[in-house]
Amino acid sequence: MNLQQLDKELIIYNDVFKEKKIIFLGENGHGVSEIQKLKIKMVKYLHEQFGFNKIVFEGGMGEIAIANHNKHQLSTKSFLMDSLPEVWHTKELLELFKIIQNRELTAFGIDIQYQNHSLHDYIFPILDKYNHGSSPYSI
């Protein structure tokens, strides 16, 4: 698919898009460059044309919530790496996370499984404060 033509081709779906609150963008495999580029174009189009401002990833709820909260203090690379598992650390998603940082977009996670160290590094020091530095949660 020619990504330059995508905006013109999407116009035929505008009546469908304007009636939706949620649009799912799937994929046939993790890290497929062409699919990620297409999804980035779709996210930009839906944001610019219809005001969609939330994006949910197959990633940890806690990790993405913390990274999203701190997205303006993090480098784009740290924002991506703190949010998602390694399989998603691609140059295409780095571009998407830069877009999320620079626009009124909010990232969310949908998984509750352990994704990376960022949730642990954020939450356990808070728990330690309430346990006077002797946390049973420290590893």
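The model is predicted, with local features requiring pLDDT of at least 70 and side-chain atom pairs pLDDT 80 or more, while totals for chains, interfaces and linings use all residues. Residues are numbered from 1 along each chain as its sequence is written, and side-chain values use heavy atoms, without hydrogens and water.

Aromatic rings make a friendly place to start. The structure holds 6 aromatic pairs, a pair being rings of Phe, Tyr or Trp (its six-membered ring) with centres within 6.5 Å; planes under 30 degrees apart count as stacked, over 60 as edge-to-face and the rest as tilted. One of them joins F17 and Y45 edge-to-face, at 6.4 Å centre to centre and 65° between the planes. Because F17 belongs to helix α2 (residues 14–17) and Y45 to helix α3, this pair ties together parts 28 residues apart in sequence. Both partners are buried, F17 at 9% and Y45 at 5% relative accessibility. F57 and F97 form a tilted pair, since their ring centres lie 5.1 Å apart and their planes meet at 35°. Here strand β1, holding F57, is tied to helix α6, holding F97, across 40 residues of sequence. F57 is buried too, at 10% relative accessibility. Ring pairs also link Y13, F17, Y45 and F50 into a cluster.

Turning to the pocket lining, 26 residues surround the largest pocket, with I23, F24, L25, I55 and V56 nearest its centre. A pocket is an open set of points on a 1 Å grid where a 1.4 Å probe fits, with protein on both sides within 12 Å along at least five of seven lines; lining residues have an atom within 4 Å of a point.

Key
Helix = DSSP H or I, 4+ residues; strand = E, 2+ residues; numbered from the N terminus. Buried < 20%, exposed > 50% of the residue type's maximum accessible area, 1.4 Å probe, protein only.
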